[in-house]
Amino acid sequence: MSYYSRASSSSSFASAAMTSTLEDDSLNLRQQKLEKQVRLIYTTRHNTIIKTQKHIKTITCQNTTLFLSGLSGSMNYDEASEEDDDEAEERSRSLSPNTESTRPASASSTKSTTECLPLGSPSAEGSSVEVDNLEEFVLRPAPRGVTVKCRISRDKKGMDRGLYPTYYMHLEREDGKKVFLLAGRKRKKSKTSNYLISVDATDLSREAESFIGKLRSNLMGTKFTVYDNGTNPSKTPGALLEETNTRQELAAVCYETNVLGFKGPRKMTVIIPGMNMNFERVPVRPACEQESLLSKWQNHSLENLIELHNKAPVWNDDTQSYVLNFHGRVTQASVKNFQIVHDNDPDYIVMQFGRVAEDIFTLDFNYPMCALQAFAIGLSSFDSKLACE
C-alpha cells in the first residue's frame, strides 16, 4: 500500500516535472519570438529613420542647390521686384533733365522731338568732358546729355580787388581735381561794365593772345552782351574785313527792371545763337546795331536764335523765402542764384548758378551752351544792377 503510495507519488512528481519542462520550453519559445519581434521592430524603425534622414538630407541638398542657382520661388519674386524697381528708376531717369539728348533749336520751335545723332556729333552716351585745347573747349557747346560742372571763385585780395575782383572758372572733374578754364575781371576805365575774359589766369589784358572774349553792359546795367575775341566792325568803318575776323555775339542777357522797388527774385532773359543740324553754333556777326542779338530779340526776330529764361522760384512759407531745387549743388541763399531753362522744356536745366560759400559759386551748364557763354552770364550776375535790385 505504501509502495503503491510511493510509486504514485514518484509518478506524479515525474509528470509534474515533465509538465514544468514543457512549460519552460514554451516560455523560451515565446521569449525567442518576442525577441525576434523586438529586433524586427527595431530594425524596421532604424531603417525608417535612416531612410527619413536620407530623404531630409536629399531635400536639403536640393533646396540648397536651388537657392544657390537662384531658382527658388522666393528668389524669383525678389528678382521680379528688383526689376520693377529698376524699370521705375529708369523711367525716372528718362524724365531727368540731364539725360535728355535733344533740345529746341530756336525759341520759336515747338516741343522738341527726338533726333538721330549723325556720325561725328556729340553723343549723349559715354561722353566725357576732356580739355585738350583750352581755347577750343571754352567755345565748344557742351556734349549732348552731359552736364559740365564748374566752380567760380572770386578773389577780392589786393589794393583794388574789393571793387574790381578777379573771377576764376574751374572745371570740376569726377576724380575731384579742378582744371582751370577761364578768368575774368572788370575793366577800371570804362563808361559801362566791361569784363575781359582770358584763358590765362595771369594775363587779363586786351592785347594778350590769351584774350578770348568780353562781357559788356548798357548804361543802366540791365542788358549785357557776350562777345568773342573778334574785331569790332564799328571801329574800322569802311574797311573790308574778312567775315571770320568780325567778332561774334555769343549771348545777350536782359534783367527786368525793378524801378518800383518791389522785392522778389530777379527775372532774366538769355538769348543765344541757335544750332544747325550738325550741332554747331550758328554764327551771329552783326555789322550794325540793328543786327545784334538784343535788337533782334526786342524786334521779336528770333530766327536761328534761342530764347531762355530763368526758372521762377517758388515761395516757401516755412523758410519765408523763394526756393529752387539745385540738387545739392547750391547750399547758400543768394539773389544771384538762378537756373536757366527753355519755355518748351522747363525741366531741362541749360545752366544753373549759385553760392556755396562767401566767394565760391557753382556753375553747371548743358548743351547747347559753352563755357564762355556760361561764365559770362555768371559774371553778369555779379555786376551791380541798381535798376534790378
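## Exercises on salt bridges and burial

R154 is buried, because its relative accessible area is 13%, where buried means under 20%, exposed over 50% and partly exposed in between (1.4 Å probe, protein chains only). This is a predicted model, in which local features need pLDDT of at least 70 and side-chain atom pairs count only at pLDDT 80 or more, while totals for chains, interfaces and linings use all residues. Residues are numbered from 1 along each chain as its sequence is written, and side-chain values use heavy atoms, with hydrogens and water left out.

**Exercise 1.** Find which side chain R154 meets in a salt bridge, and where the two partners lie.

*Solution.* Begin with the contact: R154 pairs with D359 at 2.9 Å, N to O, a salt bridge being a side-chain nitrogen of Lys or Arg within 4 Å of a carboxyl oxygen of Asp or Glu. Finally, consider the cover of D359, which is partly exposed because its relative accessible area is 22%.

**Exercise 2.** Identify the other salt bridge of D359 with K156, and state what it ties together.

*Solution.* The side chains of D359 and K156 meet at 3.8 Å, N to O. K156 lies in the loop between β1 and β2 and D359 in the one between β13 and β14, so the pair ties together parts that are 203 residues apart in sequence. K156, at 37% relative accessibility, is partly exposed.

Terms used:
Helices (H or I, at least four residues) and strands (E, at least two) are DSSP runs, numbered from the N terminus.
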